Amino acid sequence: MAESDIANCFEAIPHEALMSAIKERIVDRHLLKLLRAMLRGGVLEQGAVKRTGSGTPQGGVISPVLCNVYLHRLDRQWARRGTGVLIRYADDLLVMCRTEREAKSALRALAAILGELGLELKHAKTRIVHLREGGEGFDFLGFHHRYVRGNTARSQHLTFLVRWPSRQAMQHARQRIREITARERLLLPVEEIVRDLNRFLGGWAAYFRYGNSAQFFDKISLHAVNRLSIFVANHHQRNRRFGWWAVARQSPNHLGLIDLNGIIVPPRPSQPRYRAH
């Protein structure tokens, strides 16, 4: 399996080549003029507008669409020149191959096609992974994927492609929980903090509920309870023992904090494969 993504994709897409790709399907000159104006709008840096001949508006709602329009050229070229099965979500790439030789060929094809599009692979995230029992795993779209053998008497004859939130996804979740319960928000009611936590945790869990995420959900849940306890203690100008008592002991539902237990969708047994990403 070959794994990679595109270096500075949103900043590097050439405007003229992108407009050429758009014109393959759109002929309305008013819409084309509007899109060109958006691309030429520039970026405000240190009080000055910087304009370039490449890149899509950062944070713009249309940027992912424009990225996919342009990278559709990669998809079409891959059907003719690629080796293995290309899996692409915006600028994140994964190529499933049967052998290491195919994976190396896939990376060469990716580099060549992207070069023709004015783009390049991000070398720091480009590698070949042999997805086998006991081998290393890979991260893709927030999940860490790894091949393992069942660890119970009923599943020891089966191998599984397991997945759980990646280390980066866990770090992001902890950081977001810390931001929601930060000291700067102490003047807000505890109920509002709990609503904000539930809004984030609910969305996070909805995405990562597929796979083998139970123990990682437990870690994030405990972190949320701890951070809420600290917030409650500071909010009432009491010590942390009081906060833990108020959240974890006195309240049977942790002041209404969402419960992440029991929402995991278990994976199905699968057959081993070679993959490149």
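**Legends to the close-up views**

**Figure 1. The protein chain exposes about 16600 Å².** Carbon and sulfur atoms supply 51% of this area. The model shown here is predicted. Of the 277 residues of the protein chain, 39% count as buried. The secondary structure comprises nine helices and 10 strands. Taken along the principal axes, a box of roughly 65 × 60 × 30 Å holds the C-alpha atoms. The radius of gyration of the protein chain is 24 Å, whereas a compact globule of 277 residues would have one near 19 Å. Contacts between residues at least 6 apart in sequence were also examined, and 62% of them join residues at least 24 apart.

**Figure 2. Strands β4 and β5 form a hairpin.** Strand β4 covers residues 85–89 and strand β5 covers residues 92–96. The two strands run antiparallel and are joined by five bridges. Which residue of β5 is the bridge partner of I87? The partner is L94. Two residues lie between the strands, and A90 in the turn has a positive phi of about 55°. Most residues other than glycine have a negative phi.

**Figure 3. Strands β7 and β8 form a hairpin with two residues between them.** Strand β7 spans residues 138–140, and strand β8 spans residues 143–149. Three bridges join these strands, which run antiparallel. F138 has H145 in β8 as its bridge partner. In the turn, L141 has a positive phi of about 55°.

**Figure 4. Strand β8 is also joined to strand β9.** How many bridges join β8 to β9? There are seven, and the strands run antiparallel. Strand β9 comprises residues 159–165. The bridge partner of V148 in β9 is F160.

**Figure 5. E133 lies in the loop between β6 and β7.** Strand β6 covers residues 127–129. Is E133 buried, partly exposed or exposed? Buried means under 20% relative accessible area and exposed means over 50%. E133 has a relative accessibility of 40%, and therefore counts as partly exposed. Leaving aside residues up to four places away in sequence, E133 touches Y147, R149 and T159. The C-alpha atoms of E133 and A2 are separated by 17 Å, and these residues are 131 residues apart along the chain.

**Figure 6. H254 and L255 lie in the loop between α9 and β10.** Helix α9 covers residues 240–250, and strand β10 covers residues 275–276. L255 is not a glycine either, and has a positive phi of about 60°. H254 counts as partly exposed because its relative accessibility is 28%. L255 counts as partly exposed because its relative accessibility is 36%.

Methods
Residues numbered from 1 in each chain as written. Predicted model: local features only at pLDDT ≥ 70, side-chain atom pairs only at ≥ 80, totals over all residues. Heavy atoms only, no water. Helix = DSSP H or I, 4+ residues; strand = E, 2+ residues; numbered from the N terminus. Rg over C-alpha atoms; globule rule 2.2 N^0.38 Å. Buried < 20%, exposed > 50% of the residue type's maximum accessible area, 1.4 Å probe, protein only. Contact = heavy atoms within 4.5 Å. Areas by Shrake-Rupley, 256 points an atom, 1.4 Å probe, with all protein chains shown as cover. Pairing = 2+ DSSP bridges.
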